[in-house]
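Please examine the sequence and the structure shown below. The explanation that follows considers how the chains meet one another.

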Amino acid sequence: METVLKNVRDRYNVLHETHTHGVFITVSPNDVIGLLAYLKNVEGFTHLVLLTAVDWIEENQFQLTWLVNNPVLKQEMGIRAFIERSVWPEESVMDSAHHLWPAAKTYQRELHEMFGIDFPDSPEVNEPLILEYWDQLPPYRRDFDTKKYSEETYFPREGRYTRDPKTHMEAKLYAREGKKQ
Amino acid sequence: MNIVYAVATIFITINYGLVLQGIIGKVYARVATRIGLRIYQPYINIIRQWVTRTSINHGIMYYLGPVFRFTGGGGILIFLPVIYGAPFFSSFSSAGDMLLIMYFMFLGTLGMALGGGESGHPYAAIAVTRGLAQTTAAEFPLILAIFSIVTQYQTLDVNQIVAAQQGSVLNWTLFTNPLATIAAMLAFLGSMMRSPFDVVLAPQEIPIGPPTEYQSQFLAMLMTNRTIFPVAKTILYVNLFFGGVALQDSWLLTFVIFFLKTFFVYMWSVFVGVSFPRFRVDQSVRWFLKAPAALGVLAIIFVQTGM
Amino acid sequence: MAKMNYRKRLIDFDKRTVESPDGETFEVNPMQDYYCDAKPKVHPPSKIAPLETFYNWCRAESIFILGFGTGCGAIEMRPLMGPMYDASRFGVFWRPTPRQSTVFFIGGYASVKTLKRIVRSYEQMQGPKWVFAVCSCTINGGMYFDSYNTINRLDHYIPVDVYVTGCMPRPEAILDGIDTLKKRIKEGRGEGANKYAKNFEWYKANQKKIIKDWDMPDYNW
């Protein structure tokens, strides 16, 4: 693993590295596809485990994570890239990796639908995957208020109430002892 | 008067078939260590389908499909001497011969194919091709066996075939022509729509075969036929290979013999059904064209050379 | 509007002229040729009361469930088929096609995508038909009450006869629910299909509110 990291450091501008829960390296979005191709073709990371995104709304960024796996040496590595978070209905744009792994197109369809991240040239990226013809703010963006949407759309049944778990369990378990703390 | 007898025969057969279906459902359940359905459940199922309030018709052939099927089952039944020598249960058996019965056996399948085809459902079309392929393959050893016994008895008349087997148990075709019997009994499995040859109608396969679109009263008609057809077929086999059911001194004894014979011939398919897993269509076609077909050819040679 | 330029429909439902292999040309209108869009009618029960009672008894004692697992609760159907609980002794069977089944077993949460299929399957079933909804999700959304894609109340989209609560209910609870359904049918209260036909406009409006790609006729039995 160290040799792989060293090779990567020599060739690409690694912005950040973490080793706490597996190896994750951060590179600039322009380098990502080249790095993935290098890892796949030269270092033997032939398996794309997943491609996912995180919405950092405070930093106005989307974090994309590619998880790749080397099935021979049983090594796993994450590649991160931060792209600019667009304001809906503008879409963020990222390069597609479907030419390396055909399965990537499904992940990219999902990200396009759920986060509004476009991958130009990825096949079928514009077709609906899970949400059929969703026409609003993509639901995985953090400024989408899912509870409000649900209440407006799905006829909530009256009578649902929530308790604060802490006070409720205290009242239930220690009722005789009076209020604790 | 024959018509009344024929209708009565069909009516009694339906009831016998329904009870048999309940018993067999119970057998299947007990093999799987379940308690199983109630014996009278098939009656309720059929009545329940008859009293459905809505039904959809997809066209003329769709409508006629169940009718063809019923004609196939009922046709075999009324042209067979159900009880040999009795005026009551022989209905039209003197008017038809083996060829007519063979024709009726395939009529129902063809009607179902046309009806299922018109329903327009792709699953029905696939199942029809599967069903026709498998039924044709299963008929092949059966027809060889029937050629064999027809040449053996020098007649196509079922009544005379039964008459030739009277007198002693050793006169049965089972003992005079064992090869033909074995070939025909193996072919019997293929037409009973039980495992291992139930890929056409099995719910777990492409559901549920040709009747995918059939509902309500159409389905009730098909279910009625599914009770008649196996029983009619069993009676045919009893007539051809197991000495038939001759009229005894008392009607009670006659019926006991009738039920015992048909029950055990029917049970043959159930025993195989609960023991063996399902064949694919290509496997079952190959299976029928190997051992059973070879046995059928041997049976013809056996009869012709007079060995 | 968003930049998403979705293709209009996955299947083309427009009118078109088709050439057959024999060289004939003919017009195809999928909306009319592939579906029938006649509105549902109310089919009143038989006027002869004892007869209707007998019919209802038959209907109740022979329940054909549509084997369509719409959510996680559908996993609870499998023990019912097996030797442990064996629902077939109560006259409960599974059919693989909606045409032949009478009870629709909604197993748990129904997402919008599934709901479209639920509505289609429900309309294809032959009446009288009943809906048997298990799990909390069908009642008030359950743990998915605030989900952007899961409906909260099933009875706004199709008429429901019996609810079974739990997350998920045990097979015993489902057997008890089937008993309740039988009782309802025998008392002549299982008229969900007629209710659907009567309040057709309301149900349709609710369905269309959430199903965005309505690429089928309003009623496609």
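In this predicted model, Glu191(C) and Arg53(B) are joined by a salt bridge in which the closest N and O atoms lie 3.1 Å apart. The pair qualifies because a salt bridge requires such atoms to be within 4 Å. Five salt bridges are found across the interface of chain C and chain B, and 18 residue pairs there are in polar contact. Helix H2 (49-61) and strand S4 (92-95) of chain C each provide at least two residues of the side that touches chain B. H2(C) gives the most to that side, namely seven residues. By class, this side of chain C comprises 15 nonpolar, eleven polar and eight charged residues.

The extent of this contact may be considered next. Chain C contributes 34 residues to it and chain B contributes 30 residues. About 2700 Å² is buried between the two chains, and carbon and sulfur atoms give 59% of this area. Within chain C, the residues that lose the most area to chain B are Arg99(C), Gln100(C) and Gln126(C), which together account for 20% of what that side buries.

Chain C also meets chain A: 36 residues of chain C are in contact with 31 residues of chain A. Here the buried area is about 3300 Å², with 53% from carbon and sulfur atoms. Two salt bridges are counted between chain A and chain C. Asp135(A) and Lys212(C) form a salt bridge with an N to O distance of 3.9 Å. On the side of chain A that touches chain C, helix H3 (104-114) and helix H4 (146-153) each give two or more residues, and the largest share, six residues, comes from H4(A).

Key:
Residues numbered from 1 in each chain as written. Chains lettered and ligands numbered in written order. Predicted model: local features only at pLDDT ≥ 70, side-chain atom pairs only at ≥ 80, totals over all residues. Heavy atoms only, no water. Contact = heavy atoms within 4.5 Å. Buried area = accessible area lost by both parts, 1.4 Å probe. Salt bridge = Lys/Arg side-chain N within 4 Å of Asp/Glu carboxyl O. Polar contact = N/O pair within 3.5 Å; in protein donor to acceptor, adjacent residues only side chain to side chain. Helix = DSSP H or I, 4+ residues; strand = E, 2+ residues; numbered from the N terminus. Nonpolar A, V, L, I, M, F, W, Y, C, P; charged D, E, K, R; others polar.
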